[in-house]
Amino acid sequence: MITSKQAHTFHIPVMGLAYTIDSPIRVAQYGISSVISIIDDDLLEKMNAFYSQKFSLPYQEITQKVEDYRAKRITAYLNLVDTIVKDKFVKFKEELSESKTALDNFISMLPNKSTIKEGLSKILEEGVAIKETIKNYIDTHLSAGEIDVNIMTKIDKDNFIKSKQLSIEFNDAHAALRGFANSTLESSVVLSAGMNPRLYSYFEKFNDFYPDTNGYLKKKIILKVSDYRSAIIQGKFLAKKGLWVSEYRVESGLNCGGHAFATEGFLFGPILEEFKTKKSELLQDTHEVFIKALADKELFVPEQPLDIKISAQGGVGTADEHDFLINNYDVDSVGWGTPFLLVPEATSVDDATRKLMAGAKEADLYLSDISPLGVPFNTIKGTSNEFFKQMRIDNNKAGSSCPKKFLALSKEFGPEGICTASKKYQDVKLAELDERKESMVASKYEIAKNKITEKSCLCVGLANASYLENDIPIKGQQQGVVICPGPNLAYFDKEVSLLQMAQHIYGGPSVLSDAYRPNMFVKELKMYVDYLRNEIATFTDELSAKNVKKWTAFKSNLLEGIAYYQNLFDEAITPKNMLIQDDIIVYKNELNAIEIPVL
């Protein structure tokens, strides 16, 4: 039997809360996989109502008065998406078998080396393009794109009813996992932002994450990681519980959208090289631990190791880079995130924010400190959220009303937690600062004040775009929109169709702007050099041996990465590679000029 396979070599990663909230409904019928964030149950509930009405499907509201409402809302929306995607896929396959124009358009969207493209083109060339022949081929070879979900493991706030703490399974990430586990989806959960042992242990409660007697996993685990060490630690931790990681999704530490988890100076290329050379070791090591755990649980034990995929994402922007990642590092899929924010057919963004992004230059995109998580956050200047936030600061009303509290993770003022972007938190911190104002230099006071007030309400700001795009009323304090593109956005300057973007990815007409765009590896290198320089320049605490050791290792790791790239791009002397080498030398010189402080 010929098994159907994914038609595409790219996927659309999760973006924000809203930006890929309905991407599977938009693109899965074309075989394109995408990832939904399931953090915000309120947004999911509103999208459930919206799409139920749009597709004339029954809708039952789940209010916050319903027991376990968070998990139930997530399950309900995911089931709805599953239903809509399956229906759209059936209709799309029917359309392909009946319309030559639709079939031609679909073929032109596929990668050149695709076996599906070759098969369909051959049927057309042979002139046997009768409906039944095409339908049989499509039924056998084509599958809908995956409807994957994302859980950011850090967003696992304890929850309370009338000051009484609920049991751990009602924590935010735990409830989100339960919502996915109870859904009809047969897809993957992408775990990002590092290890959460309590959450990982909770997976054991759900049978769908264990292999059946055919070795099939109804629900799979994807780990988003930034280096090999993190992958092997988390993979083995899960394997000890009889849980298999089906994919390691390697993301650039800095050259990505949203939260940026910088490595210790390890660069993207050398990291991917390590995954390539150690993949079989990773497979075997985790398999041995995995089968022992299954045997201990008296569950079915597969004779052969289950599949492991390696995918890569972060800053890719050309067909050459896409192909290089696949051919040089043997990755199974490449994530294209930021460029799809300018594809209205694929992502949920309001018109004003899309126009802002289309006009963005390199200087408009920056690594900010606006996230209440305290993790650097890639964003863009000029957002509506920035406007409303500054207006409140100017009126001495800094801070958010904090209606959703997903990031109320600081326990500084009590066990129920508080968000550092909230007015309640900022009022206290600003009052404490004002008590010290007279003993401070004015410039230092302003810096300290800005550190408090710069935090943005991401819970609302990252969800509002979907409400604006779909004319869904927004209640409460005006927060505007927070958008989280990566630096790669600077080289895409217009809205494009889904077909145009797919063809760009696969080597067709380019949709890039005319601005000079450095190679993705060079861009990340520049960001790491800037990151180290800024870390040292803004350091105000007392210098310790630990700081010196950390920065010395960081610089050393970057220099090793540079040597790797110089060797990599020296293998073929082409004008493009020579340009890359020139750029690398510029940043190597900049790095060498950074002096590590001495004790």
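**Salt bridges, inside and out**

Modeller: Start with Arg-73, which is buried at a relative accessible area of 5%. Buried means under 20% relative accessible area, exposed over 50%, partly exposed in between (1.4 Å probe, protein chains only). This is a predicted model: local features need pLDDT of at least 70, side-chain atom pairs need 80 or more, and totals for chains, interfaces and linings use all residues. Numbering runs from 1 along each chain as its sequence is written, and side-chain values use heavy atoms, without hydrogens and water.

Biologist: Which residue forms a salt bridge with Arg-73?

Modeller: A salt bridge puts a side-chain nitrogen of Lys or Arg within 4 Å of a carboxyl oxygen of Asp or Glu. For Arg-73, the closest N and O atoms are 3.9 Å apart, and the partner is Glu-45.

Biologist: Is Glu-45 buried or exposed?

Modeller: The relative accessible area of Glu-45 is 5%. That value makes Glu-45 buried.

Biologist: How many residues apart in sequence are the parts that Lys-93 and Asp-139 tie together?

Modeller: Their side chains meet in a salt bridge, 3.1 Å from N to O. Lys-93 lies in helix α3 and Asp-139 in helix α6 (residues 131-141), so the pair ties together parts separated by 46 residues.

Biologist: Is Lys-100 buried or exposed?

Modeller: Lys-100 meets Asp-104 in a salt bridge of 2.9 Å, N to O. The relative accessibility of Lys-100 is 55%, so Lys-100 counts as exposed.

Biologist: How many salt bridges does a search of the whole structure find?

Modeller: Some are linked in a network whose members include Glu-45 and Arg-73. The search of the whole structure gives 38.

Conventions. Helix = DSSP H or I, 4+ residues; strand = E, 2+ residues; numbered from the N terminus.
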